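Visitor: Could you take me through a close look at the salt bridges, and then at what surrounds them? I'd like the cut-offs along the way, please.

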Amino acid sequence: MIEADVLLDDEQRKLSQVVRDFADSVVAPAAYRYDTERRLPMEIIAQMGELGLFGLPFPRDVGGQGKDYVSLCLAVEALARVDQSIAVTLEAGVGLGIVPIYRHGSREQQERWLPDLLAGRALAAFGLTEADAGSDAGGTRTTARLDGDEWVIDGSKQFITNSGTPITSLVTITAVTGEHVSQDGEVRKELSSIIVPAGTPGLEVGPSYDKVGWHTSDTHPLTLTDVRVPAGNLLGERGRGYANFLRALDEGRIAFAALATGAAQGCLEEALRYAKQRVVFGRSIGENQHVAFTLARMQARVHTARLAWLDAAHKLVAGKPFKAEASVAKLVGGEAAMANARDASQIFGGYGFLNENPVARHYRDAKVLEVGEGTTEVQLMVIARSLGLDG
């Protein structure tokens with residue numbers, strides 16, 4: 001198959017192979033069972049922690065592995081080949097859980113939370129989305145008010161990944177902490193980020209969602225009723241909660257694109273194997289031009305998607321602007337995963353409609369790749385704006 005490893009160094013190639021081997025030997029054999037049980041396999045998460053995957057893009061002086069963001073994305077892609085739920089547990093655990101604490105946390109907050117998070121002994125979540133607030137943060141209704149030396153938080157969040165696992169240690173939530181007048185004279189909500197430790201009285205983790213896909217991924221609604229946390233749990237500067245999150249969201253889109261690329265790659269590998277083995281009318285179905293051309297298009301999608309996220313990731317690491325490139329990668333990757341899942345299922349025929357078949361799981365899982373971390377329409381909006389089309 002075509003590879004893009006010319007864009008990788010030897011250390012990154014080795015890491016990618018290590019995670020790929022782990023995915024094939026540990027994750028893949030258990031994927032169907034945990035998918036049907038709709039349960040996050042904590043023993044596999046623990047092994048991922050032992051491999052150092054949660055600490056990949058963080059410096060060694062805080063307990064990380066001293067790698068870069070490209071390395072994290074390579075790990076996410078390798079896992080997503082066989083199980084998107086496990087891959088997004090890593091992607092969200094790092095991008096939404098650890099990054100805000102590392103980037104905006106005080107020394108005290110970092111010393112308290114980072115050691116276990118970076119080692120994979122704990123998971124953290126980020127509560128942004130609400131019923132009327134996701135892409136439109138102005139719709140946020142969760143509030144936080146200071147009462148003496150405590151924040152009192154009331155509201156609700158939805159679709160929060162890693163929020164209800166046995167090792168979830170905290171949820172960082174965005175809340176309205178006041179109002180401010182913008183430069184154009186409009187009164188706008190002041191949004192801040194606040195750390196809410198798991199188990200805090202008043203924080204209720206709702207039942208896990210009954211999702212179309214990503215059955216193994218831990219996703220819950222949250223309700224906060226008179227939740228009280230110390231004033232020192234403010235994460236970063238007051239009023240900068242959403243602005244700080246936007247940077248993490250842009251970065252997350254690159255990792256999400258890598259996840260989608262891994263899913264598209266997994267579909268290609270399964271379909272190619274089957275096309276070579278399945279014999280009909282005396283020859284393998286892969287010898288039929290239609291099937292061969294379908295697989296060729298699947299390979300083209302994978303290669304294009306991988307180049308897109310690698311380009312965005314390298315720009316991020318180099319300190320160059322990458323917002324538009326991240327949206328391109330996310331758009332291309334999500335569409336590649338959806339198209340490859342559809343084509344792989346078609347190549348398998350009836351067998352592609354059985355849940356025990358990995359391509360059937362990819363088919364169910366892939367749809368959210370066009371929704372999560374910003375919908376396809378949001379990505380198109382970002383790309384259009386980069387072209388100077390602000391309307």
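**Salt bridges and their surroundings**

Guide: Let's start with Asp250 and Arg253, which are separated by about one helical turn because they sit 3 residues apart in helix 6. Helices here are DSSP runs of H or I with at least four residues, strands are E runs of at least two, and both are numbered from the N terminus. You are looking at a predicted model, where local features need pLDDT of at least 70 and side-chain atom pairs count only at pLDDT 80 or more, while totals for chains, interfaces and linings use all residues. Residues are numbered from 1 along each chain as its sequence is written, and side-chain values use heavy atoms, leaving out hydrogens and water.

Asp250 and Arg253 form a salt bridge, their closest N and O atoms being 3.7 Å apart; the term means a side-chain nitrogen of Lys or Arg within 4 Å of a carboxyl oxygen of Asp or Glu. Both residues of this pair, Asp250 and Arg253, are buried (under 20% relative accessible area; exposed is over 50%, partly exposed is in between, with a 1.4 Å probe and protein chains only).

Helix 6 also holds Glu270 and Arg273, 3 residues apart, or about one turn. An α-helix has 3.6 residues a turn, so residues three or four places apart point the same way. The salt bridge between Arg273 and Glu270 has its closest N and O atoms 2.9 Å apart. Arg273 is partly exposed at a relative accessible area of 37%, and Glu270 also counts as partly exposed, at 22%. Elsewhere, salt bridges with shared partners link Arg20, Asp24, Arg81 and Glu269 into one network.

Another pair joins the side chains of Asp132 and Arg141, at 3.3 Å from N to O. Here Asp132 is partly exposed, with 45% relative accessibility, whereas Arg141 is exposed, with 59%. Across the whole structure, a search finds 25 salt bridges.

Helix 9 spans residues 358-366 and is mostly covered, with 7 of its 9 residues buried. Those buried residues include His362, Arg364 and Asp365. At the start of helix 9, a side-chain oxygen of Asn357 comes to within 3.0 Å of the backbone nitrogen of Val359.

Glu190 is buried, with a relative accessible area of 15%. Leaving aside residues up to four places away in sequence, Glu190 touches Ala175, Val176, Thr177, Gly178, Glu179, His180, Arg238 and Gly239, where contact means heavy atoms within 4.5 Å. With Thr177, the side chains make a polar contact at 2.6 Å (a pair of N or O atoms within 3.5 Å; within protein, one must be able to donate a hydrogen and the other to accept it, and residues adjacent in sequence count only if both atoms are side-chain atoms).
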